[in-house]
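Reader: I'd like to go through this one label by label and ask where each comes from. Could you show me the structure to start with?

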Amino acid sequence: MAASRAPPSTPTAAADGGIEENAMAILDSSGIKDSRDLHEDRATFLEAVRSACLSADNPSAPSWRMYDGVFQVFRNSSSLELAVASFQLLMELGKKYPRTYLTDSGGHQSLVVVKESWLPFLIGNGSASSEIGGNARSSDHLFDPSRFSLLIETMIEPTNATDDDNEIKAIKNMMLFQYLVNTLEADFVPRHIAYKESLDWVIFRESLLNMLLGSRKLVFKSFVRSCIHLLLNQSKGEARSASDLDSSLSYSSLESERTLASLRKLFVMIMELDLIRKEADTLGLTSRADGFRNPIMEVILDDLTYNTSYLSPFLLAFVEWKWKLEIILQYFSKYCGKGTVRTRRSDNSQQDLKLESVLSFFLTDTSTKAIVKKMGAEVAQLLLAHAYLVCMSVQGNSSDSTATTDKIGGSLHEISCNFISAFRNLRKVSPDTQISQFEKGALITAATLTRNLKNEQR
């Protein structure tokens, strides 16, 4: 998740009134012109907006009406060409004219939110941003929390690959999801930076993501489970025959990869939000007005514990190693950790389980048998192998790894030796359990690294 500072800008109505008229003509032309004329009008409109707002010598920010027109072209067009063009235009406009950004003021970073800016979401009071002198408008094409959740459910449903219309709809849904997540991220990142400096919970209380997830229109547990199912679906590698490699299917495969990245980004943002909310609770900054929902980590763990067949594909697809290790440690804590009574504002950071402690549970036959009895040898092997992979990732990437290193709790040499010992004891107490190629690879890496480190010490 990028943490770049957005350049300050204040969206205002474009000076070219002709583009405004063109926008209204496009929005009102449905059912009047034939499809070819409508396609050409929409393509001309997109190019006019691009020229005025991005390509001109003195570009002006798009008005609410123009922004909304581009989004409606994206939502309503049956052409893949128009869908891609409008999607790319929306992404570029969002980058150039951010709604939420940071500005430097006397060496202090201040958060700026241009609340009059257009948004694809209907959150909070449920009303769209108003235009000066504008009439009441339909908002059926915008996304409230329930529609956002429904979009994810729709993306899970299998599509008929032989039906071009269904394929285009599937591609449009993936691009739409990417754009919505990008909008949430563009609001989230500057708030995250500002919060680190000020520790002002209100910054996140008013974030798009917090308001979206806290809405009564969104059933959070169902939403997270749908996201898990989508993650598993999008991460499946489907081999295609040569006859399948037409342009639309190739584009679908590319968008599937991008959607998977956006989905992981959404997971990480929610986890970060939960971490900040926990900190705000500890500091006494929250109130009953903030409401309550289960942390996403709890929902993920419940789903993975109940459906152990999801565990391996989920850990393979979820490659953000910091949060992957957190998921693994909390999974183990359900079976190995000492129970603690957590109060709303108590600091339990010292009681969190570390990987070094988890591995110590497998150093004797007795404790290994106890764990295997609770969670099974296959699950234990899988979690340990993925945890070791995180250790190797941290070793090879020094950026922002301090917190993760603390969660590991030991040197790479110590973790490697204990990892090998844990697998030996697992083999003793459960000799019939198969070891996957992934787990064998982790063991070979650990053995090689241990041997090399011993040789270096001689």
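Reader: What do strand 1 and strand 2 form, and how many residues lie between them?

Author: A quick caution to begin with: this is a predicted model. Strand 1 and strand 2 form a hairpin, with 2 residues between them. Gly 106 sits in the turn and has a positive phi of about 60°.

Reader: What makes strand 1 and strand 2 count as paired?

Author: Pairing takes at least two bridges between the strands. Here 6 bridges join strand 1 (residues 100-105) to strand 2, and the two run antiparallel, so they count as paired. Tyr 101, for instance, stands opposite Val 112 in strand 2, and Thr 103 has Ser 110 as its bridge partner.

Reader: On to the rings. How many aromatic pairs are there, and why is the pair of Tyr 67 and Trp 118 called stacked?

Author: The structure holds 18 aromatic pairs. For Tyr 67 and Trp 118 the ring centres are 5.0 Å apart, within the 6.5 Å cut-off, and the planes are at 15°, under the 30 degrees that stacking requires, so the pair is stacked.

Reader: What parts of the chain does that pair tie together?

Author: Tyr 67 is in helix 3 (residues 64-76), while Trp 118 is in the loop between strand 2 (108-113) and helix 5 (145-156), so parts that are 51 residues apart in sequence get tied together. Tyr 67 and Trp 118 are both buried. Tyr 67 and Trp 118 also belong to a cluster linked by ring pairs, along with Phe 71, Phe 74, Phe 87 and Tyr 179.

Reader: Why are Phe 267 and Phe 314 called edge-to-face?

Author: Their planes are at 85°, over the 60 degrees needed, and their centres are 6.3 Å apart, within 6.5 Å, so the pair is edge-to-face. This pair links distant parts of the chain: Phe 267 is in helix 10 (residues 247-282) and Phe 314 in helix 12 (residues 311-317), 47 residues apart.

Reader: And how do you know whether Phe 267 and Phe 314 are buried or exposed?

Author: Buried means under 20% relative accessible area. Phe 267 comes in at 2%, so Phe 267 is buried. Phe 314 has 0%, so Phe 314 is buried as well.

Reader: What makes you say that a charge sits over the ring of Phe 220?

Author: The distance part of the rule asks for CZ of Arg within 6 Å of the ring centre. The charged end of Arg 293 sits over the ring of Phe 220, 4.5 Å from its centre. Likewise, the charged end of Arg 147 sits over the ring of Phe 143, at 5.8 Å from its centre.

Reader: Salt bridges next. Why do Asp 144 and Lys 217 count as one?

Author: The cut-off is 4 Å between nitrogen and carboxyl oxygen, and these side chains meet at 3.7 Å, so they qualify. Asp 144 lies in the loop between strand 2 and helix 5, and Lys 217 in the loop between helix 8 (208-213) and helix 9 (220-234), so the bridge ties together parts that are 73 residues apart in sequence. Asp 144 has a relative accessible area of 18%, under 20%, so Asp 144 is buried. By this rule the count comes to 14 salt bridges.

Reader: What makes Glu 326 and Lys 407 a link between separate helices?

Author: Their side chains meet in a salt bridge at 3.4 Å, N to O. Glu 326 lies in helix 13 (residues 321-333) and Lys 407 in helix 17 (residues 402-408), so this pair ties together parts that are 81 residues apart in sequence. At 17%, Glu 326 is under the 20% limit and therefore buried.

Reader: Where do Arg 277 and Asp 281 lie?

Author: Both lie in helix 10, 4 residues apart, about one turn of the helix. Arg 277 forms a salt bridge with Asp 281, the closest N and O atoms being 3.3 Å apart, and both residues are buried.

Methods:
Residues are numbered from 1 along each chain as its sequence is written. This is a predicted model: local features need pLDDT of at least 70, side-chain atom pairs count only at pLDDT 80 or more; totals for chains, interfaces and linings use all residues. Side-chain values use heavy atoms; hydrogens and water are left out. Rings of Phe, Tyr and Trp (its six-membered ring) pair if their centres lie within 6.5 Å; planes under 30 degrees apart count as stacked, over 60 as edge-to-face and the rest as tilted. Buried means under 20% relative accessible area, exposed over 50%, partly exposed in between (1.4 Å probe, protein chains only). A charge sits over a ring if NZ of Lys or CZ of Arg is within 6 Å of the ring centre and within 35 degrees of the ring normal.
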